[in-house]
Amino acid sequence: MTPTLPTTLLSEASTGRDDRPLSVRAVDRVTTLLARRRGDGATDPSRRSFVQRAALIGTALAVNPIDFILRPGTAYAQVCGPANECSQGWTAFCCTINGGANTCPDGSYAAGWWKVSSSAFCRGEDRYVVDCNRLPSARCSCRCADGPCDRRRICCNNFRYGQCNLQIPGTTEVVCRIIICTPPWEWDESCTTTVRSDERTRDHSASCLPGTNPTEIELVYLDLGLVGSALGAPAGEELAGPDGGSWRRYANGSIVRSLDYGIAVLTGAAGLLYADEGGPDGRLGYVTGDPIDIEGGQIIPTEGGAIYSLEDGTAFTLSGSLEAKYNQTGGLDGWLGLPTSAILLSPGNRERIDFSSGWSLVRDRATDEVRVFPVDVEMPAEAGEWPPTADVVRWDGDNRLTTAIRISQESLPDGAPMAVLAAADSFPDALAGGVLAGIEGGPVLLTGSDSLASVTAAELERLEVERVVLVGGPSVLSGAVADDVRALLPDASVQRLSGESRFATAAAVSQDITGELGGIDTGTDTSTGGGERVPLVYLASGRDFPDALSASPAAAGAGAPLLLTEPDVLPDVTRTELQRLNPERVVIVGGQAAVSGAVDRDVRRSTDARIDRIEGPSRYDTAAAVVAQTHPAPLGDGEATRILLATGETFADALSAGTAAANGGSPLLLVSTDLVPGITRSAIERLQPQALVVSGGTVAVSAATAEQLGGLPTGEYRVRAPGT
């Protein structure tokens with residue numbers, strides 16, 4: 001660090017009078033002598049030469065003014081310390097021969113160390129000298145260093161203190177020396193705490209080392225290895241920060257010092273980003289703690305937010321309202337994931353940051369409002385406007401019974417002519433009965449197996465139903481449940497539809513839908529379609545619920561029964577019902593894993609109906625494919641302007657959703673518990689609903705999924721390249 005020249009030294013020629021202090025005049029009087037000793041010439045007219053010599057004298061004066069004035073040697077000796085020549089026997093400093101790096105060069109290793117007490121080079125603390133000895137396998141020749149302020153020896157002195165890396169045997173030449181202020185056993189865990197001292201090296205220095213009384217940041221940088229550290233070379237002067245702190249930028253990072261939080265070293269992208277943000281003077285303020293390891297990188301906490309330093313070599317910041325919103329979504333444990341972009345300026349006076357989940361946080365700088373949007377959705381250019389989105393509401397209850405009741409209340413506020421009652425823990429019966437309820441304009445309500453639940457009884461009374469259909473045999477809904485319903489509603493018709501299996505129960509419901517008691521003449525030759533035929537039958541797996549759930553509003557809307565099958569075998573009772581119905585068309589819902597090709601072939605052998613299949617790579621794709629057929633155009637301005645959404649993972653809260661969708665003429669789409677699948681997003685964007693109804697509580701469909709739904713555009717938008 002070059003000292004500032006005293007103003008008196010630069011103004012003497014103009015005044016003709018020497019009013020400077022004695023120490024300054026003494027320095028000036030010996031300048032010519034010093035120059036002659038260095039061979040620079042006594043009266044060099046060069047202004048540059050004068051400034052260089054004056055700077056050198058100023059440095060020497062700062063190092064040791066009294067000794068310099070009373071015992072003038074050379075300014076070179078004062079700056080570099082004694083015994084700086086090769087002939088004086090000491091080993092050169094590593095930073096002199098190693099391009100400024102205070103590290104052991106290639107072919108050497110830390111072999112031993114000694115201590116100098118109370119060193120001015122370490123702000124009055126102990127100073128440590130570490131010997132870098134030649135590795136036994138390396139080659140090294142004895143020579144002299146040729147660096148400014150340090151012409152000491154290289155590979156000439158053959159000894160070893162043996163306090164570091166004791167696993168390397170033998171005694172080899174000392175290549176160079178490292179200066180540190182950190183105890184060696186903390187600096188390198190291979191070093192022992194065995195202490196050796198040599199006070200003769202108290203004032204040894206070099207131009208590549210910090211001078212006496214360095215700043216705390218300079219000491220940290222020294223111990224890291226100077227230019228040989230991960231920080232690289234300094235990229236600017238040390239700067240003062242707020243409240244007595246300081247910081248400095250380097251080629252590959254930053255060091256920041258705070259009176260409250262101590263010193264932090266930020267390397268790589270995190271350190272450069274911190275510097276680009278203005279260091280402690282920027283919105284991040286000071287670093288407030290040690291890095292926190294996370295999967296995929298680290299978090300560096302700061303006063304104004306955090307820096308996310310990722311393993312791929314990138315770093316991003318979060319602060320203010322964006323960070324607060326991120327933490328509301330769960331932060332690192334939430335659904336957004338890690339940042340993948342800087343905070344970018346977005347149209348409409350907004351800030352934006354992208355995340356690994358494929359979603360962005362967008363902040364309106366005028367109102368401080370923060371919303372979530374997919375990363376590919378561009379913001380409108382007009383300030384205050386957002387991309388069009390649907391209102392998101394949730395129909396839920398404390399449990400599956402009350403959730404079914406809430407869905408009934410919301411979808412049928414004025415009552416219903418009938419209701420289907422199913423067991424709360426058995427989805428097949430509820431799904432088959434849901435089609436019947438949807439056709440006749442009633443809800444699916446749930447109850448326990450042994451008695452009618454009081455909350456369900458209250459909803460039946462509110463609805464003022466005239467008919468109640470219990471779906472399932474006495475093993476799932478006992479006779480006591482039927483008795484409770486009759487006692488509650490003495491004027492209502494109470495009927496049970498059941499069979500020996502879920503497939504038989506679905507067939508029984510089908511017979512009720514198609515009018516077995518007063519309806520279709522099935523004829524005598526069902527295999528050739530000789531009798532009256534039903535137009536349509538839906539067929540889905542009875543072993544899992546998602547495909548049957550997706551099919552239920554479509555079947556109800558078409559007035560068609562829903563039959564169930566085993567994945568690999570068409571049950572006899574289902575085959576018999578298909579032959580009785582003699583349908584013109586059978587729609588299989590689900591892929592080959594749900595309803596195999598063997599079942600498909602068996603259906604073809606049982607009926608001459610046209611066979612179609614609606615399927616997708618996943619249950620979410622299958623649900624979207626069903627909706628694409630039932631709702632090929634965007635939702636209009638009529639009554640059906642909402643989409644119902646249910647979980648595709650668990651059946652409990654989803655059981656009543658299909659019936660509610662059928663009652664309102666609405667599409668039903670599936671989501672996962674914590675994510676909106678891409679195919680579901682595409683369907684929502686195509687349908688352009690005014691409202692999105694989430695069926696079930698947050699255990700079934702999380703708050704994160706609901707928030708994602710609220711960020712989906714339901715109208716035209718400009719496409720954005722993420723990270724721009």
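Residues are numbered from 1 along each chain as its sequence is written, and side-chain values use heavy atoms, with hydrogens and water left out. Because the model is predicted, local features need pLDDT of at least 70 and side-chain atom pairs count only at pLDDT 80 or more, while totals for chains, interfaces and linings use all residues.

**Aromatic pairs**

The structure holds 14 aromatic pairs. Rings of Phe, Tyr and Trp (its six-membered ring) pair if their centres lie within 6.5 Å; planes under 30 degrees apart count as stacked, over 60 as edge-to-face and the rest as tilted. Two of the pairs are set out below.

| Pair | Centre to centre | Between the planes | Class |
|---|---|---|---|
| W113 and W185 | 5.7 Å | 50° | tilted |
| Y221 and Y250 | 4.5 Å | 35° | tilted |

W113 belongs to strand β1 (residues 108-116) and W185 to helix α8 (residues 184-187), so their pair ties together parts that are 72 residues apart in sequence. Helices (H or I, at least four residues) and strands (E, at least two) are DSSP runs, numbered from the N terminus. W113 is buried at 0% relative accessibility, whereas W185 is partly exposed at 30%. Here buried means under 20% relative accessible area, exposed over 50%, and partly exposed in between (1.4 Å probe, protein chains only). W113 and W185 also form one aromatic cluster with Y128.

**Charges over rings**

A charge sits over a ring if NZ of Lys or CZ of Arg is within 6 Å of the ring centre and within 35 degrees of the ring normal. The charged end of R177 sits over the ring of F93, 4.7 Å from its centre. R502 lies over the face of F427, at 5.8 Å from the ring centre.

**A buried serine**

S606 is part of helix α19 (residues 597-606) and is buried, with a relative accessible area of 3%. A polar atom of the S606 side chain lies 2.8 Å from the backbone oxygen of D602. This is a polar contact (a pair of N or O atoms within 3.5 Å; within protein, one must be able to donate a hydrogen and the other to accept it, and residues adjacent in sequence count only if both atoms are side-chain atoms).

**Surface patch**

L224, I263 and V265 make a nonpolar surface patch of about 200 Å². Patches are made of residues with over 30% relative accessible area and no salt bridge, nonpolar side chains (Val, Leu, Ile, Met, Phe, Trp, Tyr) being joined within 5 Å and like charges within 9 Å. A salt bridge is a side-chain nitrogen of Lys or Arg within 4 Å of a carboxyl oxygen of Asp or Glu. Accessible areas come from the Shrake-Rupley method with a 1.4 Å probe; for residues, only the protein chains shown count as cover. V265 is found in strand β9 (residues 262-267) and is partly exposed at 35% relative accessible area.
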